[in-house]
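Open the model in your viewer and keep the sequence panel beside it. This tour goes stop by stop: select, look, move on.

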Amino acid sequence: GRNSEAEGCFLKAVELDPDFVAALTGLGRTEAALGKLDSAFKHLETAVEIEPHDANAQLASAQVLESLGRPDDALAAYFRTLEADPFQVEASRRIAAIQIGRDEADLALVRLDQTIESSPSDAEALYLRGRAHLVLGHFTQAVADLRGASQRLADRPEVHMALARALA
């Protein structure tokens with residue numbers, strides 16, 4: 001939680017070795033946490049240029065792109081994350097969330113089924129799958145997924161709202 005201090009240390013590491021991908025990625029994540037999105041993206045872009053197959057750099061870059069309001073670029077970076085690490089659950093969830101937002105719930109549902117199969121305790125994936133089922137009009141499945149998600153994500157009002165919509 002000491003992001004300002006961490007930023008200074010990451011900057012020093014990058015100063016000592018400008019091609020240190022882990023330091024560039026850490027710096028980008030820290031800057032993003034501090035709200036310095038443009039600078040964060042610049043450092044993450046450098047990390048990805050140096051090592052395009054680094055899943056951590058790709059994921060962090062995708063997250064910053066999404067925060068910058070660039071969903072097309074973020075989606076491409078999330079897919080590159082999965083090319084580097086096919087088991088990266090966060091990238092799969094974010095792809096599905098973007099797909100649901102684009103009325104591509106059928107594509108999201110396939111991705112989320114795979115995610116939940118490999119990680120059955122993933123409450124966020126369960127919530128997203130419930131949303132996808134809801135969009136597609138699969139109300140029984142939506143209620144089942146959203147009930148499970150609401151028990152595990154009890155402090156998230158949007159989960160309860162989605163469950164209420166499915167029940168209605």
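**Stop 1: Gln99.** Select Gln99 first. At 6% relative accessibility it counts as buried, because the limit for buried is under 20%. Keep in mind that this is a predicted model. Gln99 lies in helix H6. Now show its neighbours. Leaving aside residues up to four places away in sequence, Gln99 touches Phe79, Glu104, Ala105, Leu107, Ala108 and Arg111.

**Stop 2: the whole chain.** Zoom out and colour by secondary structure. The protein chain has ten helices and zero strands. Read from the N terminus, its elements run α-α-α-α-α-α-α-α-α-α. Along the principal axes, the C-alpha atoms fill a box of roughly 60 × 30 × 25 Å. Of the 168 residues in the chain, 43% are buried. Now look at contacts with a sequence separation of 6 or more: residues 24 or more positions apart account for 42% of them.

**Stop 3: the loop between H6 and H7.** Select Asp103 and Glu104. Asp103 lies in the loop between H6 and H7, and Glu104 lies in that loop too. Is Asp103 buried or exposed? Asp103 is exposed, because its relative accessible area is 66% and the limit is over 50%. Check its backbone as well: phi of Asp103 is near 60°, a positive value in a residue other than glycine. Glu104, at 26% relative accessibility, counts as partly exposed. Draw a distance from Glu104 to Leu136. These two are 32 residues apart along the chain, and their C-alpha atoms are separated by 9.4 Å.

**Stop 4: helix H7.** Select residues 105-118, which form helix H7.

**Stop 5: the largest nonpolar core.** Select Ile100, Leu112, Tyr127, Leu128, Leu146 and Ala166. These are the residues with the most contacts inside the largest nonpolar core, which has 24 residues. The elements that give two or more residues to this core are H6, H7, H8, helix H9 (139-152) and helix H10 (157-167). H8 supplies the largest share, seven residues. Centre on Leu128. Not counting residues up to four places away in sequence, Leu128 touches Arg93, Ala97, Ile100 and Leu112.

**Stop 6: helix H9.** Select H9. Its 14 residues reach 20 Å from first C-alpha to last, close to the 20 Å expected at 1.5 Å a residue. The buried residues of H9 are Ala142, Val143, Asp145, Leu146, Gly148, Ala149 and Ser150. Which helices do they pack against? They pack against H8 and H10.

**Stop 7: the rings.** Show Tyr127 with Arg156. Arg156 lies over the face of Tyr127, at 5.6 Å from the ring centre. Then show Phe41 with Arg70. Arg70 lies over the face of Phe41, at 5.2 Å from the ring centre. How many aromatic pairs does the structure hold? It holds zero.

**Stop 8: Gln88.** Select Gln88, found in the loop between H5 and H6. At 17% relative accessibility, Gln88 counts as buried. A polar atom of the Gln88 side chain lies 2.9 Å from the backbone nitrogen of Glu90. Gln88 also touches Leu59, Thr81 and Leu82, not counting residues up to four places away in sequence.

**Stop 9: Asp38.** Finish at Asp38, in helix H3 (residues 37-50). Asp38 counts as exposed, at 61% relative accessibility. Draw one last distance, to Leu68. Asp38 and Leu68 are 30 residues apart in sequence and 8.1 Å apart in space, C-alpha to C-alpha.

Key. Residues numbered from 1 in each chain as written. Predicted model: local features only at pLDDT ≥ 70, side-chain atom pairs only at ≥ 80, totals over all residues. Heavy atoms only, no water. Helix = DSSP H or I, 4+ residues; strand = E, 2+ residues; numbered from the N terminus. Expected span 1.5 Å × (residues − 1). Core = buried A, V, L, I, M, F, W, Y, C linked by side-chain atoms within 4.5 Å. Buried < 20%, exposed > 50% of the residue type's maximum accessible area, 1.4 Å probe, protein only. Contact = heavy atoms within 4.5 Å. Polar contact = N/O pair within 3.5 Å; in protein donor to acceptor, adjacent residues only side chain to side chain. Phe/Tyr/Trp six-rings, centres within 6.5 Å; stacked < 30°, edge-to-face > 60°. Lys NZ or Arg CZ within 6 Å of the ring centre and 35° of its normal.
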